[in-house]
Amino acid sequence: MSSRSGPDSAAEVVRWAAFSCVLVPVVLLWYGTSPAGAAGTALGLAAVTAVCRLLLRQSERGAARLLAEERAPHRGRHQRTGSGAHRGERSGGRPGARSGGRSGGRGNTPAG
């Protein structure tokens, strides 16, 4: 297998799995397994391949979403814009009154 990563390597894995879905039943028939047994094996391998393909595609979408989020500018907690309660203020308190601190916001400021 190649050392590449990304959608090409996932497609390559799916191609090899599809090839195995054909090759394994042929080999089983060659060594004397019943046709029903070989067909059951082929169906089982096809089901596993389909589930793996689904999981690979879901993982690729998740990775693409994370990559897009990393490239987008972050609007973190300290970079908000607009009005609202600022750090250390109560939304309904008097102007200039601060909450927080160990004594419940009383006596910690010079205005106090």
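Reader: How many aromatic pairs does the structure hold?

Author: This is a predicted model. A pair of aromatic rings is described by the distance of the centres and the angle of the planes. The structure holds 1 aromatic pair. Its members are Trp 16 and Phe 19, with ring centres 5.8 Å apart. Their planes meet at 85°, so the pair is edge-to-face.

Reader: Where do Trp 16 and Phe 19 lie?

Author: Both belong to helix 1, which covers residues 7-30. Trp 16 and Phe 19 are 3 residues apart there, about one turn of the helix.

Reader: Is Trp 16 buried or exposed?

Author: Trp 16 counts as exposed, because its relative accessibility is 52% and the cut-off for exposed is over 50%. Phe 19 has a relative accessible area of 44% and is therefore partly exposed.

Reader: How many disulfides are there?

Author: A disulfide is a covalent bond between the sulfur atoms of two cysteines. In this model the count is 0 disulfides.

Reader: What is the relative accessible area of Cys 21, and what is that of Cys 52?

Author: Cys 21 has a value of 14% and is buried. Cys 52, at 41%, is partly exposed.

Conventions. Residues are numbered from 1 along each chain as its sequence is written. This is a predicted model: local features need pLDDT of at least 70, side-chain atom pairs count only at pLDDT 80 or more; totals for chains, interfaces and linings use all residues. Side-chain values use heavy atoms; hydrogens and water are left out. A disulfide is a pair of cysteine sulfur atoms within 2.5 Å. Buried means under 20% relative accessible area, exposed over 50%, partly exposed in between (1.4 Å probe, protein chains only). Rings of Phe, Tyr and Trp (its six-membered ring) pair if their centres lie within 6.5 Å; planes under 30 degrees apart count as stacked, over 60 as edge-to-face and the rest as tilted. Helices (H or I, at least four residues) and strands (E, at least two) are DSSP runs, numbered from the N terminus.
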